[in-house]
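Q: Please take a close look at one part of this structure, the place where two of its protein chains meet. Describe it in one connected account.

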There are 2 protein chains.
Amino acid sequence: MSFLKMVRKLVTSYQSLEKLGSKYIRTLGFTSGQFDVIVTLGNQPPMSCSELAEKTLMVKGNLTVILDGLLKKGLINKTPNPIDGRGIIVSLTEKGEETFVRIFNAHLAYLEPLAKSFSDEELTELINNFDSILRKIDNFNRLDRK
Amino acid sequence: MSFLKMVRKLVTSYQSLEKLGSKYIRTLGFTSGQFDVIVTLGNQPPMSCSELAEKTLMVKGNLTVILDGLLKKGLINKTPNPIDGRGIIVSLTEKGEETFVRIFNAHLAYLEPLAKSFSDEELTELINNFDSILRKIDNFNRLDRK
DNA sequence: TAATATTAGTTCAAGTTTGAACTAATTGTC
DNA sequence: GACAATTAGTTCAAACTTGAACTAATATTA
């Protein structure tokens, strides 16, 4: 029964954090989805839509919409994938890179007081906790699919 | 910097769990919002919309819509609050109670393999850690509001 | 106790997300 | 190499969520 208690607390932790984050992200002129995509692209080499969808856990339909928005803002490029004619490669434009650095740092600065309230040991422990949760969910999904 | 790593893993853990849960909840004929409200009401005495909104972290506008849906399904009652003429009290109908028990147990059964992969010690540790995160977010919100 | 501020809940338009159906390209198999 | 099965990405309608404006009732205060 305390499994559910744990899940509820995980959900509440996420929701509180998300609420706090998204409120701020909106003031920067982005939706959480757009922010998610920018941050994901900002830390990695260019990637396909599928990869992006997998990393952000978005459904593909939503990703298309979000990429359209970012394209209109001139923050990303969509170039055909030379290896796979079906696919495209998404990358940040120069403006997109600048935006990434700017909003990422702004976001970081905003959250700094929260970040500083965690010690390194706590963070390490939490990261291990989450890794363990993720592993277990993975296992469950594997069983569930069968 | 590992603060962000921790946050990313928290987000991923939540999203994975949510995805898994909501997929199943849909097969039961409910949205996550509806499920949230039913489960919140199922464990507590009747409460006001404000209280419900606070517990589920929904905005009030959304809660109204969700309650409308549950009302149409005959799962909740809205009765005027005798103490406060502005407010209403939301409670589960008998059908709502039955539904709560049914979907709650079904959900539990579905997740059982996952639940069993956590030991009691792990769960206790996780719960303590989430409590600590929640406390810190609370503190941050208090500072931020000033 | 009248005027003002706050709070409870609703409404509604705009924006976001989902999921299923679709097109086009690639992979696998015989 | 042709045919079926799979995969990449898009489209679109329906559902969901948000936030701001609104009505009505209660608290505050002077």
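A: Between chain A and chain B there are four salt bridges, a salt bridge being a side-chain nitrogen of Lys or Arg within 4 Å of a carboxyl oxygen of Asp or Glu. One of them joins Lys9(A) to Asp131(B), with 2.7 Å between the closest N and O atoms.

This is a predicted model, in which local features need pLDDT of at least 70 and side-chain atom pairs count only at pLDDT 80 or more, while totals for chains, interfaces and linings use all residues; side-chain values use heavy atoms, without hydrogens and water. Residues are numbered from 1 along each chain as its sequence is written, and chains are lettered from A and ligands numbered from 1 in the order in which they are written.

On the side of chain A that touches chain B, helix H1 (2–27), helix H5 (94–116) and helix H6 (120–145) each supply at least two residues; helices here are DSSP runs of H or I with at least four residues, numbered from the N terminus. H1(A) gives the largest share of that side, 19 residues. By class, the side holds 27 nonpolar, 11 polar and 10 charged residues, where Ala, Val, Leu, Ile, Met, Phe, Trp, Tyr, Cys and Pro count as nonpolar, Asp, Glu, Lys and Arg as charged, and the others, Gly among them, as polar.

In total, 48 residues of chain A are in contact (heavy atoms within 4.5 Å) with 48 residues of chain B. The two chains bury about 5100 Å² between them, 76% of it on carbon and sulfur atoms; buried area is the accessible area (1.4 Å probe) that two parts lose on being put together, summed over both.
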